[in-house]
Amino acid sequence: MNAAPAILAESLVKRYPVFRGFRELLRRPFDRRTVTALDGLDLRVEKGRVFCLLGPNGAGKTTLIKILATLVLPDGGRAAVDGHDVAREPGPAKRAVGYAVGDERSFYWRLTGRQNLEFFGALYGLRGPARDLRVAEVLRLVGLDGSADLRFNAYSTGMRQMLAFARALLADAAILLVDEPTRSLDPLAADRIRTFLRGELAGRQGKTVLWATHDLGEAADHADDIAVISRGRIRLHGPASSLAGGSRAALREAYEQAVGEAEKGP
């Protein structure tokens, strides 16, 4: 029997209610319009792979990642991480993944980097010396051990992203979910993030990385596998060596064709 993949999505559906103003609510109180974020999406990611997810804004990348991180429940289909169904087994599923988001609002600005990680470590169930040791380990891993006792509001954008990785790694999960980790970073900081994901986490530690990005070059240069998502479905999926064809231009052509066909309709 084949081992379970790191990530599996089958016929995954997610809809969100459409925001309506007060007057419209009064006129049509029972109108339940929705927008479809995921429309029967299928995806399989094998263990130990760097998998880049490409797609335009609103394609469903973030929704998919939030479902896999157990932050959002699907409305149809199923999703599993490391063999655990995210809806039926949320506890084991949550422990199987680390979720790195660059949202600065999720950190406490007046606390130091170390204090932030100590707080989130407690939420993971880490206590006492074991927590302190793990916090020190992940700070050293992401290169923030020298600035661990600076307040978060003194961190650069790149340092904040590395602290997000440190938080995601606290529980030493086998699967890392990252959503546009190099957005708004300068070229040197972005290269450091890419090297960390590809070389350290996937290469040395053997973790599975699902990496959502808008950067075609980033995917062509660092992914093992690539998928293009548009209008809530996977439109193109395969090894980076095949889709990129040895060049970023080839990947761009394949991407534009897949997205263009999706925009024409089902």
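User: Which residue does Leu53 stand opposite in S9?

Analyst: Leu53 stands opposite Ala227. Before going on, note that this is a predicted model, in which local features need pLDDT of at least 70 and side-chain atom pairs count only at pLDDT 80 or more, while totals for chains, interfaces and linings use all residues. Residues are numbered from 1 along each chain as its sequence is written, and side-chain values use heavy atoms, leaving out hydrogens and water.

User: How are strands and helices labelled, and what makes two strands pair?

Analyst: Both are DSSP runs numbered from the N terminus: helices are H or I with at least four residues, strands are E with at least two. Two strands pair if DSSP finds at least two bridges between them. Take strand S3 (residues 50–54) and strand S9 (residues 225–230). They run parallel, joined by four bridges.

User: Six strands form an open sheet; in what order?

Analyst: Read it as S6-S7-S8-S3-S9-S10, with mixed pairing.

User: What order has the open sheet of four strands?

Analyst: That sheet reads S2-S1-S4-S5, and its pairing is antiparallel. Strand S2 (34–45) and S5 are the edge strands, each pairing on one side only. Strand S1 (residues 7–17) is joined to strand S4 (residues 76–81) by five bridges. Follow the partners across: Ala9 is bridged to Ala79 in S4, and Glu10 to Arg78.

User: How many residues lie between S4 and S5 in their hairpin?

Analyst: Two, and Asp82 in the turn has a positive phi of about 55°. Two bridges join S4 to strand S5 (residues 84–85). In one of the pairs, Ala80 has Asp85 as its bridge partner.

User: Is Glu218 buried or exposed?

Analyst: The cut-offs come from relative accessible area: buried is under 20%, exposed over 50%, partly exposed in between (1.4 Å probe, protein chains only). Glu218 counts as buried because its relative accessibility is 2%. Find Glu218 in helix H8 (residues 216–222). Beyond four places in sequence, its contacts are Thr182, Arg194, Trp211, Thr213 and Ala223. Glu218 and Thr182 are 36 residues apart along the chain, with 9.3 Å between their C-alpha atoms.

User: Where is Ser147 found, and where is Leu73 found?

Analyst: Each sits in a loop. Ser147 is between helix H5 (128–141) and H6. At 11% relative accessibility, Ser147 is buried. Ser147 touches Tyr155 and Met159, residues up to four places away not counted. Leu73 is in the loop between helix H2 (61–68) and S4. With 55% relative accessible area, Leu73 is exposed. Outside four places in sequence, Leu73 is in contact with Lys14 and Ala87.

User: How much space lies in the largest pocket?

Analyst: On a 1 Å grid over the protein atoms alone, a pocket is an open set of points where a 1.4 Å probe fits, with protein on both sides within 12 Å along at least five of seven lines; lining residues have an atom within 4 Å of a point. Points join across faces, edges and corners, and volume is the space filled by probe spheres set on them. Here, the largest pocket holds about 430 Å³. It is lined by 13 residues, of which Leu71, Lys94, Val97, Tyr99 and Tyr124 are the closest to its centre.

User: Which element gives the most to that lining?

Analyst: S6 does, with three residues. The elements giving two or more residues are helix H3 (90–96), strand S6 (97–100), helix H4 (113–123) and helix H6 (157–168).

Notes:
Contact = heavy atoms within 4.5 Å.
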